Every structure is written in structure tokens, then in C-alpha cells.
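Please look over the sequence and the structure, and then go through the points below.

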Amino acid sequence: MIRVEHLRKNFSGKQVLSDVSFFVEPGSILALVGPNGAGKTTTIRCITGVLKPDAGSVTLFGERFEHVTSHTAKQRIAVVPEERVVFRNFSGADYAQLWASLYPKWDDSIFSNFVARYGFDLSQKVESYSIGMKTLFLLGLCISSQADLLILDEPTQHLDPTIRLEVMSLLKEYVDGERSALVSSHEIFELEEYATHMAIIKEGRIIYTDSIDDAKEKHRIVEKGESIQDGEVVGLVGQNVLVKASSDVGRYPKLSEIVVAYLTGKSERKLALK
């Protein structure tokens, strides 16, 4: 579906992306997860063509692009950008008409049901929506587009808790054997509810990527005071240690524990061994 290989990006002498590589499989939701400033949004901008990477490549639907330029490819991708920038003076109805003209698989019934469910006034200008309602409206457009690949930057940000749960359920339903999603987020506790794969980014570099199920199988949480017979120490999770081991030690980790331990960094590993 989408393969990103060794992306690099420099801004005014500052290396923002140094080595970003991951693969989004058909039928999967890959979470690009990391702290603010790690390079998540820059990666998405390179993939969607907003920025041109200094090096590396993006392959979409089996065709290689430096960035997305193909009209046919764009018809298969729907995006919720970080900025939530919308056209001035465009109403909700104007947006629906525009997206219907851009996406051959656009589904009016899905959009109508979404609008009714969340009470959107399509005669109202979208720029007047709250930031949360803008996010929800853009998500509704993406889902109604029936695009093969959704690229979503912080898709649950500014949403009420109940609506967040509904959005996570919608994303799981949307992705099937043919469609996929790339989701950028730092909300590591909710990603476990809907993501199938992850790529952890730190300081512009992917430090670990795997399916979430396989990652849990390969790692163990060893509690304070327990001995570590073998395996590679990854990092600290509070007072506990995450180790990469095949032996049956400790307990299986949560996704949030895996992410936190990898982001802890090498500087903390000596502490974990004490």
C-alpha cells in the first residue's frame, strides 16, 4: 500500500528527519507515534507532497514517487492535515460537493448519515466550526470518500471522549482487506484500541516498527527486583524494565509500555540494569 524508505529532511541546517522507513500493509492501521517535535507531521507532509524530502523515497500502490503528483494516486488517498485549514467562505455543502467531484467512490449515504449523527449544519461555513468539529467534519469527508488510504494527523485531537471512542470504532470498520490508514498521534494510550501496527519515531528517526501483536510477543515487562536472565534491555517504564526476549519472563507489555520504553533512550538503560 505505502512504503517509506530512508526519508531525510533538513530545515535551515537542522536535520528534522534523518532516517524514516516503514511500510503500511493493506488492511492495516499503522500508528506513527512519538513525542511532539519528533518528525511525525514532517513525515506526513513529505508523503503527501506538501514538502519535498531531501533524500529517500515514497512508494504508493506499487509506484514510486518522490512525493505524490499522480492524479490517479491522489484519488485513492484522503488526508486530515494537522493544521485543519479550510477554505474561507466554503460551507459544509460546498465541501461535500467538492469532495464528491474529486473522489470517484464518494458515498453520499455515508456522508448524510455522518452529518445527521453529529448534527452538522451544512449551510454553515466550515471555518466557523470549532477546532473539534472541523476535525470531525474532515474525518467524515475522508470516510465518505471511500479512499484506499487514509492519512490522518492527530485524528482524535480536540474531540470529546465519547466521540473519540466512536471515531476509533469508525476507523476500525473502515479499514478492511483492501483499505489502510496511516495515523500520526502521540495519544499512545488510545492507539491500542484501533491500530494494528506501529512505527516509533524519535528525533527524526524510526527506532522501532512492527505489528502491535508481534511487538507484544517479542517483549516482556520485568518488575523491579526480578532478575533478567537474558534478552536485550530496551528501557525503563516507571520502576519496571522492558526487555526484548523470547524466554518466558515477566509479563507481556501494553502498547504504551513498549512506546515509553523505546522513547526512554539509551541514556536510561544503565539505570535499568542496576
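The model is a predicted one, and the mean pLDDT of its protein chain is 89.

**Confidence**
- Of the residues in the protein chain, 94% reach a pLDDT of 70 or more.
- Confidence is highest in helix H4, residues 108-118, with a mean of 97, and lowest in helix H10, residues 269-273, where the mean is 43.
- The pLDDT stays below 50 over residues 268-274, a stretch that has 9 contacts in the model beyond near neighbours in sequence.

**Domains**
- The protein chain is divided into domain 1, which covers 2-203, and domain 2, which covers 215-267.
- The centres of domain 1 and domain 2, taken over C-alpha atoms, are separated by 31 Å, and the contact takes 11 residues from domain 1 and 12 residues from domain 2.

**The largest pocket**
- The largest pocket holds about 780 Å³ of space, and its lining is made up of 26 residues, with Ala78, Val79, Pro81, Trp99 and Tyr103 lying nearest its centre.
- At least two lining residues of the largest pocket come from each of helix H1 (40-48), helix H2 (71-74), strand S6 (77-80) and helix H3 (92-102).
- By residue class, the lining of the largest pocket divides into 17 nonpolar, 4 polar and 5 charged residues.

**The second largest pocket**
- The volume of the second largest pocket is about 290 Å³, and 18 residues line this pocket, of which Asn36, Gly37, Ala38, Gly39 and Lys40 lie nearest its centre.
- Strand S2 (14-24) and helix H1 each supply at least two residues of the lining of the second largest pocket, and this lining divides into 2 nonpolar, 10 polar and 6 charged residues.

- Cys46 is found in helix H1, and it counts as buried because its relative accessible area is 0%, where buried means under 20%.
- Although Cys46 and Leu7 are 39 residues apart in sequence, their C-alpha atoms are 8.3 Å apart in space.
- Helix H9, residues 255-264, is mostly covered, since 8 of its 10 residues are buried; Leu255, Glu257 and Tyr262 are among them.

- Arg8 lies in strand S1, which spans residues 2-11, and it is classed as partly exposed because its relative accessible area is 39%, a value to be set against the limits of 20% and 50%.
- From C-alpha to C-alpha, Arg8 and Gly56 are 6.3 Å apart in space, while 48 residues separate them in sequence.
- Leaving aside residues up to four places away in sequence, Arg8 touches Gln15, Leu17, Ser18, Pro53, Asp54 and Ala55.

**Backbone angles**
- Most residues other than glycine have a negative phi.
- His6, although it is not a glycine, has a positive phi of about 55 degrees.
- Gln146, which is likewise not a glycine, has a positive phi of about 60 degrees.
- Gln146 is found in the loop between helix H5 (131-145) and strand S7 (149-153), and it counts as buried because its relative accessible area is 16%, under the 20% limit.

Terms used: Residues numbered from 1 in each chain as written. Predicted model: local features only at pLDDT ≥ 70, side-chain atom pairs only at ≥ 80, totals over all residues. Heavy atoms only, no water. pLDDT = per-residue confidence, 0-100. Helix = DSSP H or I, 4+ residues; strand = E, 2+ residues; numbered from the N terminus. Contact = heavy atoms within 4.5 Å. 1 Å grid on protein atoms, 1.4 Å probe; cavity = no way out; pocket = protein on both sides within 12 Å on 5 of 7 lines; lining within 4 Å. Points joined across faces, edges and corners; volume = space filled by probe spheres on them. Nonpolar A, V, L, I, M, F, W, Y, C, P; charged D, E, K, R; others polar. Buried < 20%, exposed > 50% of the residue type's maximum accessible area, 1.4 Å probe, protein only. Domains from an automatic or database assignment.
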